[in-house]
Each structure stands twice: as structure tokens, then as C-alpha cells.
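This report describes one protein chain, part by part. Look at the sequence and the structure first, then read on.

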Amino acid sequence: MAQVTIRINGYAYTVGCKDGEEKHLEAMAEEVNRRVDVMRQAVGVSSESRMLVLVALSMADEIDEMQKTPAAKPEKRVDTERLTRLARRAEQIADNIDKN
């Protein structure tokens, strides 16, 4: 298993992933970081865990809308098992932030 250090909202996180998925994970972290920047501009400065919750809710809303759209291409469908794993990991990260 590979280990990747990503940066989101100025904080570094070391996250495990399958070998060969490092670049994908880094790209996903860049997208989350971009959304954090947008959210910060919209709502102002907030705690790290609150910011991540707001971004996660925003992303979940987008996913929900994509799944409701009948014209969505099958290859664009969301892998709910993977999304669940990512959500659990985000919760673990937020828990670790709250403890520090």
C-alpha cells in the first residue's frame, strides 16, 4: 500500500492508497482543496472540520443531482462503495483534527 501526503486548506495529511493510485489521490485532493478555497470565499474563515463538512455536503449535493439526472452517462455514475470509503476517511481526518 502506498502512502501519499496531500495538502488541504494548508494542512498536510498522509493517506494510504493502492499502489499506482497516488496521482489520482493527489488530483482528488487538489479538487477538494479548490472547493475549500471556493467555500472559504463564500462563507469566510471557519474551523477546519466545519470547512471540510461544508465541502463534503456540497460535493454530496452535486453527486445526488448527478444521480437524479436520467441523461447521466453510465460511466459517470458514482461508485457508492468508494464514496462511502472516502466519506469514512474524511470523518477520520476530521476526528483527528478535533483531537489535536
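## The hairpin

Arg7 stands opposite Ala12 in β2. The strand β2 runs antiparallel to β1, and 7 bridges join the two; strands count as paired if DSSP finds at least two bridges between them. Together β1 and β2 form a hairpin with 2 residues between them, and Asn9 in the turn has a positive phi of about 55 degrees.

## Basis of the report

The model is predicted: local features need pLDDT of at least 70 and side-chain atom pairs count only at pLDDT 80 or more, while totals for chains, interfaces and linings use all residues. Residues are numbered from 1 along each chain as its sequence is written, and side-chain values use heavy atoms, with hydrogens and water left out.

## The whole chain

The chain has 3 helices and 2 strands, in the order β-β-α-α-α along the sequence. Helices (H or I, at least four residues) and strands (E, at least two) are DSSP runs, numbered from the N terminus. Of the 100 residues, 22% count as buried. Buried means under 20% relative accessible area, exposed means over 50%, and partly exposed lies in between (1.4 Å probe, protein chains only).

## Helix α1

Helix α1 covers residues 22-43; at 1.5 Å a residue its 22 residues should span 32 Å, and its end C-alpha atoms are 31 Å apart, which agrees. The expected span is 1.5 Å times one less than the number of residues.

Leu25, Ala29, Val32, Arg35, Val36 and Met39 are buried in α1. Seen down the helix axis, the buried residues fall within an arc of 125 degrees, so they line one face of α1; the arc is that of the directions from the axis to the C-beta atoms. On the other side of α1, Lys23, Glu30 and Gln41 are exposed. The cover over the buried residues includes β1, β2 and α2. Gly44 follows α1 and has a positive phi, near 85 degrees.

## Salt bridges

A salt bridge is a side-chain nitrogen of Lys or Arg within 4 Å of a carboxyl oxygen of Asp or Glu. By this rule the count is 6. One of them joins Arg35 and Glu62 (2.8 Å, N to O). This pair links distant parts of the chain, with Arg35 in helix α1 and Glu62 in helix α2, 27 residues apart. Arg35 is buried, at 17% relative accessible area, whereas Glu62 is partly exposed at 37%.

Another salt bridge joins Lys68 and Asp64 (3.0 Å, N to O). Both residues lie in helix α2, 4 residues apart, about one turn of the helix.

Note on methods. Contact means heavy atoms within 4.5 Å.
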